[in-house]
Amino acid sequence: MLNYTLRRLLFAIPTLLVISFIIFLILDLAPGDPTGSLPLTIPAEVRAKIREALGVGEPIHIAYVKWLRGFFIYEPLHWLDQMGLVIGDPSSRPRIISFATRGPVVDLLMERIPQTLWVVGLSYVVGILIAIPIGVISAYKQYSWFDQFGTFISMVGFSVPTFFTGLLMIVIFSVQLGWFPSVYDTTLEVNSLGTFWLQVKQMIMPVTVLALFNAAQISRFMRASMLDNLTQDYVRTARAKGMSEKVVVLTHVLRNSLIPVVTVIALGIPTIFGGAIITEQIFRVNGLGQLLIIGIQGSDFPLVQTLTFLFAILIVLFNLIADIVYGMLDPRIRYD
Amino acid sequence: MDVTDLKTVFHTQDGVVHAVNGISFHLEEGELLSVVGESGSGKSVTMMSLLKLLPIPPAEIASGKVMFDGKDLLQMDLEELRKIRGGQIGFIFQDPMTSLNPVFNVGFQIMEPLIEHMGLDKKQARARAVELLELVGIPGASDRLNDFPHQFSGGMRQRVMIAIALACDPKILIADEPTTALDVTIQAQIIELIKELRKKLGMAIVWITHDLGVAAGISDRLLVMYGGFVVEHAKVGDLYKRPLHPYTRALLNTLPAEGSGETRLRSIKGSPPNIGAEPKSCPFAPRCDYAFERCHKENPLLERIEGVHDVACWWDVEKEAPRHDG
Ligand SMILES: Nc1ncnc2c1ncn2[C@@H]1O[C@H](COP(=O)(O)OP(=O)(O)OP(=O)(O)O)[C@@H](O)[C@H]1O
Ligand SMILES: [Mg+2]
């Protein structure tokens, strides 16, 4: 297993390098000018100066190597510096700087990650926690009213886009009923029961919208996987041994059914970081998804490049994790 | 165990399938009863109905009584029935490749019923599991408990299944074609093993098979099934010496005669009956050489001919005349 993991990690390096280069090429081809959003009164020479200062228009290979160096060497070293482990001279190492804020891109990311993890991550967890029991019961009681109802709800949850459910919830619960705020306040500091309650209130709507969407998908998966397994011969064996229905379903069948579902869940984790771009926009959660949109609108190439590449890393990483987890859950799979 | 008038139907999209049509038989302590009949004759459905192991719905046990230890298994609630399943009656299935749970090691799967029915703790159950694996002839038993089913060959898996079925010292073992999925040499080993275990443990066995040859070698009594009916029932010797039902005769004919050097397998002409409707006539009549008018109008009931020998047929093959006038 360790061998396999190491081999996969080694293979991931060239893959990721190619991906990063492709992202770079595409962004280079993209029209757009980071000075485009500056006031029109700024004369052309000044714009040119600004561009030069930002490093726009450098030959692509130089820009790419600089970015690579920044991402793989300088940023990790900077991180070590901050942990108190200074190696070499920190001031000689330029960090990856955002065109828009002129600040380091990584610091921007760090500011945004907590919101995204809280809102999108929590909704993923909540989604899974609802989806699994629903999938199990729907399959066990196939075609019962519970199953029919669950099928209907998950069809709706799956086919109605989150921007619609999101807006609907805002209209009902913020505008009409006034229960929850429609704008997520990132500056809110949780330090008392009152502020905690406020935090919960502002999270409820975005988390619900996303959780329903996730649950719709995962519960379908869970149901299908359970149905596949419920008709297997080993289930009959378990019953013939005199095991209770609870053991038959929750030990024998569930354990087998979870194998593909866990894989799907693991593969879906990178999308948490990718943020629910649309949901973050609707509820004004300033998370990573929103940051990406702003970066694209402002032609902030270093930001977009770094963020996109991070997603690529996460996707490759969670693919590997999914495979490893699969191997751990299914004894028939042996890597090496 | 006494089974009376067991009827099982399946409600499917294409209508009702009458898989078992009023079957009665009994099983004495320690005896070996073979059930033979071609594919689809309802052997498995009958046996699984006894313990309600069929998926209900689509299956429905329409009528019948299964008396065991003075109680009707079909009237029991699930909790009571569970104690019988695995505890008093063990089951072995046709396909050992799929009958074990792939994600649990065999130790866990053998220990489960021990903990459930015999109230053993983990350690005792483990010790007993080792004993059982040794009993069914798996070498290196204590190490193999931690292996998963895919690490065993087909024959070994069937041995594990047998160990599970025998775990709680059942009074009855129902073996549903335990050797059909295995190759010939392994088949012979499994049959030997069952014989041996029967001698050692003395449980009653219901042995389901296609193979009259095998049945002859091991059983005390035989049930011949056709289209969801028992068509003949006799002691082994009587059945082979004096088969009374045309279907039994046809089955015996399909066995290659000893020393005949015959290599072509003979088959029974025609195809198994359509069981989509409740049978009104003898289900075998369309394929039967002896069929006459009455066979197409009325379904013969099982009737006693002598001692322990029953047959359901209007024609007396020995006298070459209808069994009853009228
Ligand atoms: N789940 C089901 N739904 C509908 N019909 C079924 C179902 N299970 C079995 N049957 C029908 O019941 C009849 C009897 O099947 P059964 O499995 O008992 O035959 P069998 O004698 O055991 O055959 P084999 O030797 O192939 O195992 C078959 O015709 C089959 O089509
Ligand atoms: Mg069968």
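I began with a definition: rings of Phe, Tyr and Trp (its six-membered ring) pair if their centres lie within 6.5 Å, and planes under 30 degrees apart count as stacked, over 60 as edge-to-face and the rest as tilted. This is a predicted model, in which local features need pLDDT of at least 70 and side-chain atom pairs count only at pLDDT 80 or more, while totals for chains, interfaces and linings use all residues. Residues are numbered from 1 along each chain as its sequence is written, chains are lettered from A and ligands numbered from 1 in the order in which they are written, and side-chain values use heavy atoms, with hydrogens and water left out.

**Entry 1: aromatic pairs**

Helices here are DSSP runs (H or I, at least four residues), as are strands (E, at least two), numbered from the N terminus.

Trp67(A) counts as buried because its relative accessibility is 5%, and Phe309(A) is buried at 0%.

I then turned to Phe158(A) and Phe213(A), whose ring centres are 6.3 Å apart with planes at 25°, so the pair is stacked. Phe158(A) lies in helix α5 (residues 145-159) and Phe213(A) in helix α7 (residues 193-230) of chain A, so the pair ties together parts 55 residues apart in sequence. Phe158(A) is partly exposed at 48%, and Phe213(A) is partly exposed at 25%.

I also noted one aromatic cluster, formed by Phe21(A), Phe24(A), Tyr64(A), Trp67(A), Phe71(A), Phe72(A) and Phe309(A).

**Entry 2: ligand 1**

Which residues come nearest to ligand 1? Of the 15 residues around the ligand (a heavy atom within 4 Å), I found these to be Ser39(B), Gly40(B), Ser44(B), Glu177(B) and His210(B).

I next checked distances to oxygen atoms of ligand 1. A backbone N or O atom of Gly40(B) lies 2.8 Å from one, and a polar side-chain atom of Lys43(B) lies 2.9 Å from one. For Val45(B), a backbone N or O atom lies at 2.8 Å.

In chain B, β1 (2-12) and α1 (43-50) each supply at least two residues of the shell. α1(B) gives the most, with three residues.

Notes
Buried < 20%, exposed > 50% of the residue type's maximum accessible area, 1.4 Å probe, protein only. Polar contact = N/O pair within 3.5 Å; in protein donor to acceptor, adjacent residues only side chain to side chain.
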